[in-house]
Amino acid sequence: MKKFLIFICIVFMCTGCWNYKELTELGIISAMAISKRDGNYVIDMQIVNIVEAGDKGVPESPISVMSGEGTTVADAIRSINMKTSKVFFSSNMEYMIIDKSVTNENLKEVLDFLARDTKLSLNFLIVTATNDDPKDVLSALSQFNLNPASNVSELIRRSEGRYGASHSITFKDYLREYLDKGITPVYPNIHLVGSLEEAEDNETLKESDTDDYIEIYNLVAFDKDGNTINIGKDESFGYNFLTNHIKNGSVTSSCGDNHFTVQTLKSKIGFDELKGNKITIKGEVQAEVFFYGCEESLSDTKTLDKLADLTKDTITDYIKKTILLAKESKTDFIGIGNWIYKNETDYFDWDNKDWDTEGLNNIDFDYDIEVSLLKQGNLKGDI
Amino acid sequence: MNRYKISSLTFSLIFMCMLNSSLLGIIFPYILHESKTSFYISLGISFVVGLFLIFIYLRIFNFMPDKDIFKKIEAIFPKWISKCVSFILMMLVFLLTIIIIWRLVTFISSEFLVETPNLFIGLLIAAPLLYASTTDFDVIGRLATFCLAVAFLLLVFNVVSLFSQVDMNNLKPLLNFDLMHTGKSVLVFTFIVLVPAFLTLVIPKDNVTNSNKVTRSILSIYTLEMISIFLIFFIIVSVLGINIANIYTFPSYAVLKTLSVLSFIQNTENISILVWVLLMTFAGSFCLLFLKSGLKSLFNFDKKKTQLSSLLFIFLPFLGIVLFMLPYEIYLNKFQYVIVPWAINVSIFVILVLIFVIGKIIFKIKKITV
């Protein structure tokens, strides 16, 4: 009898009915943007609408975008409750747009809110949109996925691995880079191509050709004052090679008036050792011929050696350009300082000096990168 | 009470469960705060110092093998002094129980059930404790086996799932310690982790079958536990980085938030973290059984009265936790939440050592061989 009573008590306690929410009551946040306007934080939220695409297309927008404003980030988010009956559910958020306006001294407040929230995961992506209003980016629909936030996050992740000029950074890595010494986070910069009116219109989803979509424009970093550092295509390749984010990236080099492209199969490049003020950048890249437009015959092994050397020069050039940009902008977005802090801590007075302005420009580099071409596709030579 | 028999392996598993009682929310954040990326040095020294504490534990355990700790006190001291010593020991264990359950309830209320009233969470934890406290040590031994089996499976799953995110650079700088911080972390670690396992002294050696194997089992279990703790620290720091690990109250939970298996098993942290819920609930149950034994010894209760008094002892801590301590979590910052359990554990350790030393001296004077 005693056991039965205890069992009954436990059964009632474990039903999970306390304060439960129906799915229809939840506002599932798929993406969010934080910016600052006139001294107030502005939050834009992309909330998923549960809809099904039928024979006649999508009957209603699969997302709703709502905004709130407040003196703190939390205040801004809660103010949205004045506009909707939904209970916000943030665990499945795909990405967050950190606007340029909060990348200076306000960033600490933003990160405090994101890290403190017990419901947020640490795996969502951090992006920025320097050319657009974040709300416009959140409002754009996608032809490839009913949930446009999933499309953007997949776009960033895939383009990083398969092209090499993008970079995906999760909140965990972003927070670590913010807290670590000698490194500044790099953001993928997304951009709305075309007009907002077309991009947010359901009717455009029925068309096969659209000029209105979200693309990854480039990579950017922000210096201590919040100024934008645009990282170009070559520098983005250099950054990804140096930070080992490239999986199957493509590298195009010139051979006289023509070009050839290799696809990387494996790439491992990093800082090797610090001697005096000089760091050796050492690494190995394995690749395959992806496109060949040069005149020399590929059947000749010397040609393959030459292509490997040309690819090596291209990659080295990418890396040099990246380092130059970091030095010129006095912002170590590559993490050179972080590597020194972790491996040669005593080299620099981290507590009393500013690495970006007093340390970064004193470092020189040696390059020791090996490229080997392992495959050449279907063809045994060239056409 | 002493009719049960448990094997040396089961006894060691109870010992192991008790070693885990204060890791979540107390030891993990404190060691990461003090030792930073040099946690492995602190753990290495703690392992050696811990061996010394285990040596003391085994000496006490082997002393008067037919008696539990309360009977040992009765045998060593005059009647009233023995009652006072038992009472002080029980009060300290009572406080330790409150600390363990308070940390468990605050963890649940701040991470899982944010909107659920504290009273409800308290009652939720009370139910299994209530049931466990009505059983005996052989039953709790089987519970320890179950808890550790689940814990082992979850640990393997978590480590394997998170291993792809390990970044060895996050473990650098490797030498990031000074004597002061390392010493503090060693002292805190050894006492807070090991002393709760000393409560297994409530089980007399003679109640353990093949008790000659206890020493070997305890040492093996202790080594295994230290390897597991090292592995957890390694995963936390190498996945999150020391700076992120340091800002969270529950870094072992934060690291599970990054868990993603084959890109589709995500948000499973609430299942993975059950390992701590189980082990801390077990520790709470064992502490209550310790108190129940103490009550029986102190007041010579018969079985029925013992049940009633044990019920009383279950709800008193919960009243304390739910109605008083829980709302004040924010004031118990990182130093206070370590100092209080550390002081309690050190006090328990000192009392147990004194009992043993005085017992040895008294028996030597009386020339009684035990």
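**Reading the predicted model: chains A and B**

Tutor: In this predicted model, chain B has an average pLDDT of 85, and 88% of its residues score at least 70. The model scores are ipTM 0.83 and pTM 0.88.

Student: What makes up chain B, in helices and strands?

Tutor: Chain B contains 15 helices and four strands. Of its 370 residues, 47% are buried. Among its contacts between residues at least 6 apart in sequence, 85% join residues at least 24 apart.

Student: How do you know that helix α2 of chain B falls short of a straight helix?

Tutor: Helix α2(B) runs over residues 23–35, which is 13 residues, and a straight helix at 1.5 Å a residue would reach 18 Å. The end C-alpha atoms of α2(B) are only 15 Å apart, short of that value. Just after α2(B), K36(B) takes a positive phi of about 50 degrees.

Student: Why is α2(B) called largely enclosed?

Tutor: A residue counts as buried if 20 or more other C-beta atoms lie within 10 Å of its own. In α2(B), 12 of the 13 residues are buried, so the helix is largely enclosed by the rest of the structure. Among the buried residues are L23(B), G25(B), F28(B), P29(B), E34(B) and S35(B).

Student: Why is P134(A) called buried?

Tutor: The cut-off is 20 or more other C-beta atoms within 10 Å. P134(A) has 27, and therefore it is buried. This residue is found in helix α4 of chain A, residues 134–139. Leaving aside residues up to four places away in sequence, P134(A) touches A33(A), S35(A), D44(A), I97(A), D99(A) and A129(A). By contrast, N378(A) lies 244 residues away along the chain, and the C-alpha atoms of P134(A) and N378(A) are separated by 45 Å.

Student: Which residues touch the most other members of the largest nonpolar core?

Tutor: They are M96(A) and C17(B), in a core of 203 residues. Helix α13 of chain B, residues 274–299, supplies the largest share, 15 residues.

Student: How do you know that this core lies between domain 1 and domain 2 of chain A?

Tutor: Domain 1 (25–231) and domain 2 (242–375) of chain A both give residues to the core, so the core lies between them. In soluble globular proteins, nonpolar side chains tend to be buried together.

Student: What does C17(B) touch?

Tutor: Not counting residues up to four places away in sequence, C17(B) touches A144(B), C147(B), L148(B), L279(B), F282(B) and A283(B).

Student: How do you know that domain 1 and domain 2 of chain A are in contact?

Tutor: Two residues are in contact if their C-beta atoms lie within 7 Å. By that criterion, 16 residues of domain 1 of chain A are in contact with 20 residues of domain 2 of chain A. On the side of domain 1 that touches domain 2, α5 (148–162) and β9 (228–231) of chain A are the elements that give two or more residues. Of these, α5(A) gives the most, with three residues. The residues of that side divide into six nonpolar, five polar and five charged. The C-alpha centres of the two domains lie 31 Å apart.

Student: How many residues join chain A to chain B through contacts?

Tutor: In chain A, 20 residues are in contact with 24 residues of chain B. On the side of chain A that touches chain B, α1 (2–13), α6 (171–179) and α10 (336–343) of chain A each supply at least two residues. By class, that side has nine nonpolar, seven polar and four charged residues.

Methods: Residues are numbered from 1 along each chain as its sequence is written. Chains are lettered from A and ligands numbered from 1 in the order in which they are written. This is a predicted model: local features need pLDDT of at least 70, side-chain atom pairs count only at pLDDT 80 or more; totals for chains, interfaces and linings use all residues. The expected span of a helix is 1.5 Å times one less than its number of residues. Ala, Val, Leu, Ile, Met, Phe, Trp, Tyr, Cys and Pro count as nonpolar, Asp, Glu, Lys and Arg as charged, and the others, Gly among them, as polar. A nonpolar core is a set of buried Ala, Val, Leu, Ile, Met, Phe, Trp, Tyr and Cys residues joined through C-beta atoms within 7 Å. Domain bounds come from an automatic or database domain assignment. pLDDT is the predictor's confidence in each residue, from 0 to 100.
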